[in-house]
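Reader: I would like to learn how to read a protein model. Please take me through one.

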Amino acid sequence: MGKKITSIRGMNDILPQQTPLWQWLEDKVRGVLAAYGYQEIRTPILEQTDLFKRGIGEVTDIVEKEMYTFEDRNGDSLTLRPEGTASCVRAAEEHGLLYNQTQRLWYAGPMFRHERPQAGRYRQFHQIGVETFGMDGPDIDAEVILLSARLWKALGLSDQVTLELNSLGDAEDRARYRDALVAYLREHSERLDDDSRRRLERNPLRVLDSKDAGTREVLEQAPRLEEFLNHDAREHFSKLCALLEAAGIEYRLNPYLVRGLDYYGKTVFEWTTQALGAQGTVCAGGRYDGLVAQLGGKPTPAVGFAMGLERLILLLEQQNPELPAPVALYIAAMGEVQSQALALAERLRDRFPGVGIVTHCGGGSFKSQMKKADRSGARYALILGEDEVARGEVAVKPLREDAEQQQLPETDLADWLAERLARSQA
């Protein structure tokens, strides 16, 4: 026998007992996005490598160390997408969605980064992202943040997350700040951790994101980016803060918040939590007005965010939300009545679209069928035997309440179930 094949490290299966929580999360998110008028876009998992080198930045950790890149049979360099924004911009520009238009888009799907797997952070992970184009005022920044706040409310996580805000200004602001930051950090380079010393030469703003205690001490006296912002950037950020305050959204200013992608400018934000240890960011985004032009389009204002579903699942598991049962009815067939049981299930599916109905297949004793009915999570077992078929009846056994089994005429069954299923969903 050959060696047993297992999954690739950091690329995990999501098993049937786990998928109901994923589906519940995804349904809640879709509902909020629809309420704000956002439309779904679906892009390929594979893109040309240059898309991410030009979009994310060649000196970022993602491009330098984490991308899954290979040559195909034609010799083209392809990459499994490590994030969704660059792909969304490429698709919107390629198909003419940005010309003299505003767009509110969202996407969902797997992303890929070769990094050390840990809880809630895998090499294949799932994101839902929101991207808006063509609107340059702070009002759309505020809307995107309000949308994310409503997501936490829908998921029951509002008291688990904190909003952190910062402004990165424009490219000229960051260039002047970078020079001042580098000059300061070089004076204290012996106190920096190895990663920060490496970043100091290639991507110095990323030093601000260091978690090393010694580096954090050095940064306490470092120049602040806010001191280098131009008038327009300051005004944009001030108006955004005022809009959030008027909407009752609490936030914390974080001068060290820079994000790990080169395309961000002006507004950046993160929703963080204390419930997941060191990996505390559950949603992050900001404004990236230069990215469309950077990828070959016309200058287009844009703002968005992405959130990792694995981390949200970890948070939700702590909350243990009450999920709707995937199966409501389990039909047990005793004796030579399988055709009648299957036909009954089809009639009930016609009457109750969207209600989970399982017909027992494969035979077995009454006791074993009832065990399977109970394990399915069904509210009711519908028992059909040869005697019931002869009398035109169905036995109904409640599985989630203290009530007696009863015999019902099949002609009355659907109305009886309609009343009780509606009551259970109320």
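**Reading the model**

Author: The place of lysine 266 is in the loop between strand S8 (252-253) and S9. Helices (H or I, at least four residues) and strands (E, at least two) are DSSP runs, numbered from the N terminus. Lysine 266 has a positive phi of about 60 degrees, although lysine 266 is not a glycine. This is a predicted model, in which local features need pLDDT of at least 70 and side-chain atom pairs count only at pLDDT 80 or more, while totals for chains, interfaces and linings use all residues. Residues are numbered from 1 along each chain as its sequence is written, and side-chain values use heavy atoms, with hydrogens and water left out.

Reader: Is asparagine 100 buried or exposed?

Author: Buried means under 20% relative accessible area, exposed over 50%, and partly exposed in between (1.4 Å probe, protein chains only). Asparagine 100 has a relative accessible area of 68%, so it is exposed.

Reader: How many helices and strands does the chain have?

Author: The chain has 15 helices and 16 strands. Its C-alpha trace spans about 90 × 60 × 45 Å along the principal axes. Of the 426 residues in the chain, 49% are buried.

Reader: What do contacts say about the chain?

Author: Contact means heavy atoms within 4.5 Å. Among the contacts in the chain with a separation of 6 or more, 69% are accounted for by residues 24 or more positions apart.

Reader: Where is threonine 273, and is it buried or exposed?

Author: Threonine 273 sits in the loop between strand S9 (267-272) and strand S10 (281-287). Its relative accessible area is 4%, so threonine 273 is buried. Leaving aside neighbours within four places in sequence, threonine 273 is in contact with Gln160, Val161, Gly280, Val282 and Leu315. A polar atom of the threonine 273 side chain lies 3.1 Å from the backbone nitrogen of alanine 275.

Reader: Which residues have the most contacts inside the largest nonpolar core?

Author: In soluble globular proteins, nonpolar side chains tend to be buried together. A nonpolar core is a set of buried Ala, Val, Leu, Ile, Met, Phe, Trp, Tyr and Cys residues joined through side-chain atoms within 4.5 Å. The largest one here has 48 residues, and Phe133, Leu185 and Tyr288 have the most contacts inside it. Apart from this core lies another, of 43 residues, including Trp24, Met135, Leu165 and Leu244. Leaving aside neighbours within four places in sequence, phenylalanine 133 is in contact with residues including Cys88, Leu98, Leu105, Tyr288 and Val292.

Reader: How do I compare distance in sequence with distance in space?

Author: Take two residues of the loop between strand S5 (103-112) and strand S6 (124-133): arginine 116 and glutamine 118. Arginine 116 and glutamate 131 are 15 residues apart in sequence and 28 Å apart in space, C-alpha to C-alpha. Glutamine 118 and glycine 10 are 108 residues apart in sequence, but 8.2 Å apart in space, C-alpha to C-alpha.

Reader: Why does arginine 116 count as exposed, and why does glutamine 118 count as partly exposed?

Author: Arginine 116 counts as exposed because its relative accessibility is 58%. Glutamine 118 counts as partly exposed because its relative accessibility is 25%.

Methods: A polar contact is a pair of N or O atoms within 3.5 Å; within protein, one must be able to donate a hydrogen and the other to accept it, and residues adjacent in sequence count only if both atoms are side-chain atoms.
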